Amino acid sequence: MDKLKNTLSVIDAVVPPGSKVVYLDIPLHLNVGDLLIYKGTEQFFKERNYQVLARRTDKTSMKWLSENRNLPKDVILLMHGGGNFGDLYGHHQRLREAVVERFPHHKIVYMPQTVHFKDKSKMLQSAQIIRQHTNLTIFCRDERSKKILEEHFCKDVRLCPDMAHALWNVFPKQSANDIKRDTLWMIRKDIEETKVDGLPGMPGPDGYEDWEDICTEQDRAKTRVYLNFERINRTLSTRLFDTPQKWSDYTDTLVNRVNSYFMSHDTVVTSRMHGHILCCLLGVKTKLLDNSYGKNSGYYASWTKDVPDCELITL
């Protein structure tokens, strides 16, 4: 885990410590995996002394693009990393395309991504836009994504672990006294749902959880408040609410609660990549299942196969 955190330094050659940056596409939703990427990215910024001139969530980043066409040339635009590069989550891909179209003369960096397109024609359409930019670097989390990006999207593609690894030695580590339960079955229930038929010991659907189940009604109510803040911000000529700061403060509390919940289990069996990465950060035993298109197995092979108490389960 020390090595994985240190490997994030590959970003330094592209975004040197002390750089002036804008951070776009911050996740304003309750996928805790995306929040771990967000927290890790902010930790990385802190350790590198970046000058963050603006932060915008995924709800107001597009408006920021339209209002800031005269950005100083030494500012680097950073796009939030994760697993939504492709056609499963169209809003985020359109934002990546808009950034390169509206800032053709700025350095742009897509933080570590996993790539997946169901429709090749949509991939080629997106690539036609993105590859026009001459000062773009894309970091990616696995070899399969790197091959796709180099062939279609960008000349400067570099392998890098997920940004959540910046949280190593920031979070607490599990102790024997933390363990109150046996196994947490954390299985995806969304568009990347995992087939789990035939897994020994697997409970029925009522016996496993996803991020939505771990989050509370209070979390959902708070999120609606911040979403409303961003709706108001989109309609005004000036920003009324500093949503990213308020959201950062609240999600610190949320992530700490999730950490405690994970550490209360002896083992976590999960098809969530960041369920697996969180276990690595906390020192919890983890058994990783693949998602619907191979993202998890690709990440495991590239980065976490040598982390203690980690296992990839193939069905």
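Visitor: Which strand does Asp 25 lie in?

Guide: Welcome! This is a predicted model, and its protein chain holds 11 helices and 11 strands. Asp 25 falls within residues 20-26, and that run is strand S1.

Visitor: Is Asp 25 buried or exposed?

Guide: Buried means under 20% relative accessible area. Asp 25 has a relative accessibility of 1%, so it counts as buried.

Visitor: What is the phi of Asp 25?

Guide: Asp 25 is not a glycine, yet its phi is positive. The value for Asp 25 is about 75 degrees.

Visitor: And Asn 169, is that residue buried or exposed?

Guide: Asn 169 also has a positive phi, near 70 degrees, and is a residue other than glycine. It sits in the loop between strand S7 (157-159) and strand S8 (181-186). Exposed means over 50% relative accessible area. With 52% relative accessibility, Asn 169 therefore counts as exposed.

Visitor: What radius of gyration does the protein chain have?

Guide: Along the principal axes, the C-alpha atoms of the chain fill a box of roughly 55 × 45 × 35 Å. A compact globule with 315 residues would have a radius of gyration near 20 Å, and the chain agrees with that, at 19 Å.

Visitor: How many of the contacts in the protein chain join residues at least 24 apart, as a percentage?

Guide: Of the chain's 315 residues, 56% count as buried. For the contacts, take those between residues at least 6 apart in sequence. The share of these that join residues at least 24 apart is 75%.

Visitor: How far apart are the end C-alpha atoms of helix H9?

Guide: Helix H9 covers residues 243-263, which is 21 residues. At 1.5 Å a residue, H9 should span 30 Å. The model agrees, because the end C-alpha atoms of H9 are 30 Å apart.

Visitor: Which residues of H9 are buried?

Guide: An α-helix has 3.6 residues a turn, so residues three or four places apart point the same way. Among the buried residues of H9 are Trp 247, Tyr 250, Thr 251, Leu 254, Val 255 and Val 258.

Visitor: What volume does the largest cavity have?

Guide: Rolling a probe the size of a water molecule over the atoms shows where empty space is left. In this structure there is 1 cavity of 30 Å³ or more. The volume of the largest cavity is about 40 Å³.

Visitor: Which strand gives the most to the lining of the largest cavity?

Guide: The lining includes Gly 83, Asp 87, His 116 and Tyr 293, and its residues divide into 5 nonpolar, 5 polar and 1 charged. Strand S4 (82-86) and strand S5 (108-116) each supply at least two residues. The most come from one of them, with 4 residues: S4.

Visitor: Is Asp 87 buried or exposed?

Guide: Asp 87 is one of the residues lining the largest cavity, and it is found in the loop between S4 and helix H4 (90-102). Leaving aside neighbours within four places in sequence, Asp 87 is in contact with His 116, Phe 117, Lys 118, Asp 119 and Lys 122. Its relative accessibility is 17%, so Asp 87 counts as buried.

Visitor: Which residues are closest to the centre of the largest pocket?

Guide: The largest pocket has a volume of about 330 Å³. Its 22 lining residues divide into 5 nonpolar, 9 polar and 8 charged. The closest to the centre are Asn 31, Asp 34, Tyr 89, Arg 188 and Arg 272.

Visitor: Which helix gives the most to the lining of the second largest pocket?

Guide: The second largest pocket has a volume of about 260 Å³. Of the 16 residues that line it, the closest to its centre are Arg 131, His 133, Cys 154, Lys 155 and Asp 156. Strand S6 (136-140) and helix H6 (143-152) give two or more residues each. The most, 3 residues, come from H6.

Visitor: Which residues is Lys 5 in contact with, leaving aside its neighbours within four places in sequence?

Guide: Lys 5 lies in helix H1, residues 2-7. This lysine is buried, with a relative accessible area of 18%. Its contacts beyond those neighbours are Glu 47, His 165, Ala 166 and Trp 168.

Notes: Residues numbered from 1 in each chain as written. Predicted model: local features only at pLDDT ≥ 70, side-chain atom pairs only at ≥ 80, totals over all residues. Heavy atoms only, no water. Expected span 1.5 Å × (residues − 1). Buried < 20%, exposed > 50% of the residue type's maximum accessible area, 1.4 Å probe, protein only. 1 Å grid on protein atoms, 1.4 Å probe; cavity = no way out; pocket = protein on both sides within 12 Å on 5 of 7 lines; lining within 4 Å. Points joined across faces, edges and corners; volume = space filled by probe spheres on them. Nonpolar A, V, L, I, M, F, W, Y, C, P; charged D, E, K, R; others polar. Rg over C-alpha atoms; globule rule 2.2 N^0.38 Å. Contact = heavy atoms within 4.5 Å.
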